[in-house]
Amino acid sequence: MKTSAVAGRTPAPIRYRIEPIRPEAHLFEVTLEIAAPDPLGQKLALPVWIPGSYLVREFAKHIVRLEVRDERPRSRLQVAKLDKNTWAAGPATGALVVVYQVYAWDLSVRAAHLDTQHGFFNGTSVFLRVVGQEHVPHEVEIVAPRGPAFRDWRVATTLPEHGAKRHGFGRYRAKDYDALVDHPVEMGVFELLRFKACGVPHEVAITGRVPKLDAQRVCADLQKICEAQIRLFEPDSASAPFQRYLFLVMVLGEGYGGLEHRSSTALICSRESLPAATGRDPGESYGSFLGLASHEYFHSWNIKRIKPARFAPYDFDRENYTSLLWIFEGFTSYYDDLVLVRTGLVSEQHYLESLAKTITEVEGARGRLRQSLAESSHDAWIKYYRQDENSPNAIVSYYKKGALVGLGLDLLIRSASRGRRSLDDVMRVLWVRFGRDFFPRGAHGLGEDEFAGLVAESTGVDVARELRHWAYGTADVPLAALFKPFGIALRTGSDAAHLARPTLGVRVAAEGSAARLATVFDDSPAQRAGLSAGDVLVALEGLRITPGNLDVLLERYRLGEKVRIHAFRRDELIEAELILYAGPPVQWKLSFEPGPKRLRQAWLGAS
Ligand SMILES: [Zn+2]
């Protein structure tokens, strides 16, 4: 993309005005003013995806009505739709004004949502890109909805103010289109918490009711996470890559998810995951909230600033392919929990339990033998983000196995360098080389084949062979051996009885009182007998199957025994005979062993 700016002249900014014109109908109206449109006809495009979420989501489908005016003379201009997300306005003699409405009713961190309680939007859902003028400054006036019901509404965003007061409606300004769409905006009546991390102001804007929230605890815990991460990347200066940071938190009865941005993140969490000042302990669910916040915050470095070369710059019109998401999502998943244990927010014992759970999940599915992490990253758009009944048989998660590769590399580097180097050193070199000194100007990214060389350079440890097998092949990370020098044992935690328990090799989903097959694992007794995903199980040896009783029914049989199953497929009764096998995935367990603790302490202790 190129700027239309003429050397020596300051280009006129692109101006947007966004107003929640009908919150009850979930409609934003956007007015876009282009002072110097392309004289041959101005193209306008809405992104088809939002960075961080690798699926084409076709945000343009929510544009309800679009009109274009020429300001001189004031007249309506023809506008043609060129493809699903691109418009072309007829040649204009003066400034161009585009008015359009956006339907906003997607309660997620990825799009836009508006009702009478609050409004939220990502720029990728609401701001048309003025093709050819992406690099000029972009201004936006955020207007309050009309009426006394909205008098108390405020704005939370890290878009730089350009006339607006902090948390007020009014004018904001971004240096270019990329920046404009990388600062989500929340509006409404939210609770605002504040703390500083390494001297940098951080805010938490909480939308949704949380009675007696223990704000102090949330701030204190988030502060520990943020400071640990800032110091991980900048141990000497402890300087953050932004001047302020904002956690936008949407609290729901149930929900979980987050999306990273350059100086903010949008999170969705459940009400019960937040602590109450009455001392009620939310237990593990609070740990998962902190883990989510830690994950998205780590992305401030790892993907928002250090990024694959293939993402520099983003192409908003189509899929952007990279085989490196296992580094950007996997390593981020490795560090999100590691930071919690290093800061003492979770115990070492608890950390080992959660690692063991990840190992069990990754090694329990056959898909890991069919798809490499590099392939999983590349095909995220059509596979990881579009999972179906066959996914466990066909794909591997670049989050979960990617985290295990991060762990494996960290352990390997620490052992091989006798504790002098670690994956932290690799992250710092990535940061200096691709992030700190280059973002945002002239951003260049990590090449598809550059990573192994960088590890060798930053740690002196050659991991090329391991990466070939673990990330570009389908080998399991040999964690039992890698854990040994750390005084940690990886063993199966399944007792003989558990391993000898017969199964059908299926995953069952409850549909009311019916048990529908959600997944039939490859080569399982169920598959061999011809049962398929979608079948509704009816009876085992003449006894009714419900979603909850299948395991109990099976307990009366032994491995190798033949059982008769009835099921409905497309409402027709079918009968299958199958031979039971031992299928429960092996449960892995990690435990501390007596012996030297030096490497382990350096790994899990404060960095
Ligand atoms: Zn992530």
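Entry 1: the five-stranded sheet.
I count two strands as paired if DSSP finds at least two bridges between them. With that in hand I turned to this predicted model and looked up an open sheet of five strands, whose order I noted as β16-β17-β18-β20-β19, with mixed pairing. I marked β16 (191–197) and β19 (257–260) as the edge strands, and because each has a single partner strand, one side of each is left without a neighbour in the sheet. Direction ignored, I found that neighbouring strands here are turned by 15° against each other on average.

Entry 2: the seven-stranded sheet.
I next traced an open sheet of seven strands in the order β5-β4-β8-β2-β1-β12-β14, again with mixed pairing. Here β5 (74–77) and β14 (170–174) stand at the edges, and since each has a single partner strand, one side of each lacks a neighbour in the sheet. Neighbouring strands of this sheet are turned by 25° against each other on average, direction ignored. I checked β5 against strand β4 (residues 63–71) and found antiparallel pairing over four bridges, with R69 standing opposite R76 in β5.

Entry 3: two crossing helices.
I looked up helix α5 (residues 325–342) and helix α9 (residues 400–416), whose axes come within 7 Å and cross at roughly 70°, which means that α5 is roughly perpendicular to α9. On the α5 side I listed W326, E329, G330, F331, S333 and Y334, and on the α9 side K401, G402, A403, V405, G406 and L407. By class, I recorded six nonpolar, four polar and two charged residues in this contact.

Entry 4: domains.
I noted the division into domain 1 (14–189), domain 2 (190–300), domain 3 (312–486) and domain 4 (497–582). For domain 1 and domain 3, I found the C-alpha centres 36 Å apart, and I recorded 10 residues of domain 1 in contact with nine residues of domain 3. The side of domain 1 that touches domain 3 has seven nonpolar, one polar and two charged residues.

Definitions and conventions: Residues are numbered from 1 along each chain as its sequence is written. This is a predicted model: local features need pLDDT of at least 70, side-chain atom pairs count only at pLDDT 80 or more; totals for chains, interfaces and linings use all residues. Axes are lines fitted to C-alpha atoms, for helices over the stretch in contact, and angles run from 0 to 180 degrees between N-to-C directions. Angles under 35 degrees count as roughly parallel, over 145 as roughly antiparallel, 65 to 115 as roughly perpendicular and the rest as oblique. Two residues are in contact if their C-beta atoms, placed from the backbone, lie within 7 Å. Ala, Val, Leu, Ile, Met, Phe, Trp, Tyr, Cys and Pro count as nonpolar, Asp, Glu, Lys and Arg as charged, and the others, Gly among them, as polar. Domain bounds come from an automatic or database domain assignment.
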